[in-house]
Amino acid sequence: MTQSELKQTAAIKAADAVHNDMTIGLGTGSTVYYLVEELGRRVQEDKLQIDCASTSKRTFEQAQQLGIRMHPLSEMQTLDLTIDGADEIDAHFQGIKGGGAALTYEKIVALNSKHNLWIVDQTKLVSQLGAFPLPLEVNPFGCQQLIDRLTQEGLHPKLRYTQQKKLVKTDMNNYIVDLHLEQIKHPHLLADWLDHQSGIIEHGLFLDLVNEVVVGQASGPKVIAEIR
Ligand SMILES: O=C[C@H](O)[C@H](O)[C@H](O)COP(=O)(O)O
């Protein structure tokens, strides 16, 4: 199976957790794309009734085109369930997100959900976080000074560019800086430090947030639930 097929199997399996009258947070990325397709199909064919908030313009538009009822997050109560992708997950269910530059809205939506479920293919499971560069959403104002500070701290920051060599801009028109750390030995300490740096709007460490993961693997999708 290709990586895309593994993502698709995880997404379709996760859609089983969505039932009538639920409020759902829809994540962002290539795995969530398949989830939204499946939910759209069920809305159209099975008359599934759900109300959703999105973590990005991309997902909002895809879902709306499929006839899924979409709302601004601010107009909703705490969501029943958010389903999102991830870039890395360790054995303690700590993760890195933001490969698609949607980390800030993703974290806000996750924090306002009763339950968070991630959908990934098996390559996203790691023993230690950090091989995937850690994304930061940063304010363009003073961005170079921030990068200098991060460099001095030994965090190996790089501004993210598109393949066409344009600066990546988030839905809020901010920049993305990726920290090339190779390994993150103390995710909570790093998260705490990043939380206190002016100019960083959000970082991609999603700690103690996810309750359940569906992993797409060759033998079929597997559900792993975190025991806290
Ligand atoms: O900003 C993007 C998100 O955090 C994605 O959920 C994450 O990058 C995983 O994306 P994909 O499902 O495309 O691998």
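A: Start with the residue classes: Ala, Val, Leu, Ile, Met, Phe, Trp, Tyr, Cys and Pro count as nonpolar, Asp, Glu, Lys and Arg as charged, and the others, Gly among them, as polar. The model is predicted. In this model, the residues of the shell around the ligand divide into four nonpolar, nine polar and four charged.

Q: How many residues surround the ligand, and which are the closest?
A: The ligand is surrounded by 17 residues, and the closest are G29, T31, G85, G99 and G100. Two or more residues of the shell come from each of α2 and α4 (103-111).

Q: How are two packed helices described?
A: By the angle between their axes and the distance between the axes. Here, helix α1 (residues 3-14) and helix α2 (residues 30-45) have axes that come within 8 Å and cross at roughly 45°. That angle makes α1 oblique to α2. The crossing of the two is right-handed.

Q: Which residues make the contact of α1 and α2?
A: From α1 they are K7, Q8, A10, A11, I12 and A14; from α2 they are S30, T31, Y34, L35 and E38. By class, the contact has six nonpolar, three polar and two charged residues.

Q: How do strands of a sheet pair?
A: Through backbone hydrogen bonds, either parallel or antiparallel. In this case, three strands form an open sheet in the order β5-β6-β12, and the pairing is antiparallel. At the edges are β5 (88-89) and β12 (205-206), each pairing on one side only.

Q: Over how many bridges do β5 and β6 pair?
A: Strand β6 (residues 95-96) pairs with β5 over two bridges. E88 has I96 in β6 as its bridge partner.

Terms used: Residues numbered from 1 in each chain as written. Predicted model: local features only at pLDDT ≥ 70, side-chain atom pairs only at ≥ 80, totals over all residues. Axes fitted to C-alpha atoms, helices over the stretch in contact; angles between N-to-C directions. Helix = DSSP H or I, 4+ residues; strand = E, 2+ residues; numbered from the N terminus. Parallel < 35°, antiparallel > 145°, perpendicular 65-115°, else oblique. Left-handed = near helix turned anticlockwise from the far one by under 90°. Contact = placed C-beta atoms within 7 Å. Near = placed C-beta within 6 Å. Pairing = 2+ DSSP bridges.
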